[in-house]
Amino acid sequence: EHGTPDDFATIQAQRIRDSRGLPEFVFNSMSGELYSECLDLKGNPTLKEDWWSTKYKDKSPYRYTTAHWASTEARFRRHFKAIKEDQTEKLIPLEEMLVRVTQPDVVDRLYHDPNHRSFIPDFGSYIKTEDDQGRFRYLALSRQMVLFCVERRKAWRQLQSRAGIENEDYVAQRNLLKKVDAGEIELSDFLDRTMELYEAERGTETAQEKKPALAGAK
């Protein structure tokens with residue numbers, strides 16, 4: 001049913017762990033009296049972020065999401081459509097889409113509203129993957145696959161909080177969306193510059209390079 005070779009069990013287990021689909025943890029009640037002292041998440045990569053920050057074979061960086069793992073198993077094939085690179089110009093990168101959506105948006109079904117920041121068009125976002133030979137392919141994602149990523153991200157964030165780990169990505173997303181929802185940032189501006197604004201909130205080196213230009217524009 002998974003659509004993977006019998007000898008891929010270990011590889012797929014690593015992929016689902018690294019994608020936050022099924023995080024690895026150890027709970028040792030003898031490690032302390034607080035839950036955060038007993039819960040250990042060190043088997044997972046990039047502990048303080050939503051997703052594993054890794055690189056393609058050509059050394060270009062990307063973030064490995066639940067959708068990247070799901071694309072390696074045949075049981076999810078109906079949630080992916082192979083597209084050409086030039087078709088991605090009309091779609092939204094998954095990483096950008098995930099900044100716009102929170103679990104409460106899903107609960108309130110706001111992702112169905114075309115006028116809301118969390119609107120998720122069916123097969124309107126995409127990911128870039130590569131095969132064992134380093135050849136790239138582009139996949140459009142169903143709405144349900146995006147929602148799957150949102151749900152797995154929520155579960156990972158809750159696990160982090162129990163382990164006493166502050167998720168830097170969650171803090172940045174929460175602060176940014178608070179400004180958008182309060183009207184401090186225009187929705188159109190947010191949709192046009194989602195990742196730029198998000199990186200600024202994260203305080204990354206990329207954001208530090210862009211802040212002077214943004215300040216000058218204001």
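Me: Which strand is threonine 129 in?
Reply: Threonine 129 lies in strand β7. One thing to keep in mind as we go: this is a predicted model.

Me: Okay! Is threonine 129 buried or exposed?
Reply: Threonine 129 is buried, because its relative accessible area is 8% and the cut-off for buried is under 20%.

Me: And what does threonine 129 touch?
Reply: Leaving out residues up to four places away in sequence, threonine 129 touches His68, Ser71, Arg135, Phe136, Arg137 and Leu139.

Me: Which strand does β7 pair with over six bridges?
Reply: That's β8: β7 covers residues 125–130, β8 covers residues 136–141, and the two pair in the antiparallel sense. If you want a spot to look at, find serine 125, which stands opposite leucine 141 in β8.

Me: What's the order of the strands in that open sheet?
Reply: The sheet has four strands, in the order β5-β8-β7-β6, and the pairing is mixed. At the edges you'll find β5 (80–83) and β6 (92–93), each of which pairs on one side only.

Me: Let's switch to helices. Which residues of α1 are buried?
Reply: Helix α1 runs over residues 9–18, and its buried residues are Gln12, Ile16 and Asp18. They span an arc of only 165° around the axis, so they sit on the same side of α1.

Me: Where is threonine 46, the one with a positive phi of about 50°?
Reply: Threonine 46 is in the loop between β2 (39–40) and β3. Threonine 46 is partly exposed, with a relative accessible area of 24%.

Me: How do β3 and β4 pair?
Reply: β3 and β4 pair in the antiparallel sense over four bridges. Lysine 55 stands opposite proline 61 in β4. The hairpin of these two strands has five residues between them, and lysine 59 in that hairpin takes a positive phi near 80°.

Me: What kinds of residues line the largest pocket?
Reply: The lining of the largest pocket has eight charged, six polar and four nonpolar residues.

Me: And how many cavities of 30 Å³ or more are there?
Reply: There is one cavity of that kind, and the largest cavity holds about 70 Å³ of space. Its lining includes Asp50, Trp51, Arg63, Glu95 and Tyr198.

Me: Which helix gives the largest share of that lining?
Reply: α4 does, with three residues of the lining of the largest cavity. At least two residues each come from α4 (94–100), α6 (143–162) and α7 (168–181). By type, the lining of the largest cavity has six charged, four nonpolar and one polar residue.

Me: Last one: where is phenylalanine 27, and what does it touch?
Reply: Phenylalanine 27 is found in strand β1, residues 26–27. Not counting residues up to four places away in sequence, phenylalanine 27 touches Tyr35, Cys38 and Leu39. Phenylalanine 27 is partly exposed, with a relative accessible area of 42%.

Me: How far is phenylalanine 27 from alanine 163?
Reply: Phenylalanine 27 and alanine 163 are 136 residues apart in sequence, and 9.7 Å apart in space, C-alpha to C-alpha. Happy exploring!

Technical notes: Residues numbered from 1 in each chain as written. Predicted model: local features only at pLDDT ≥ 70, side-chain atom pairs only at ≥ 80, totals over all residues. Heavy atoms only, no water. 1 Å grid on protein atoms, 1.4 Å probe; cavity = no way out; pocket = protein on both sides within 12 Å on 5 of 7 lines; lining within 4 Å. Points joined across faces, edges and corners; volume = space filled by probe spheres on them. Nonpolar A, V, L, I, M, F, W, Y, C, P; charged D, E, K, R; others polar. Pairing = 2+ DSSP bridges. Buried < 20%, exposed > 50% of the residue type's maximum accessible area, 1.4 Å probe, protein only. Arc of directions from axis to C-beta. Contact = heavy atoms within 4.5 Å.
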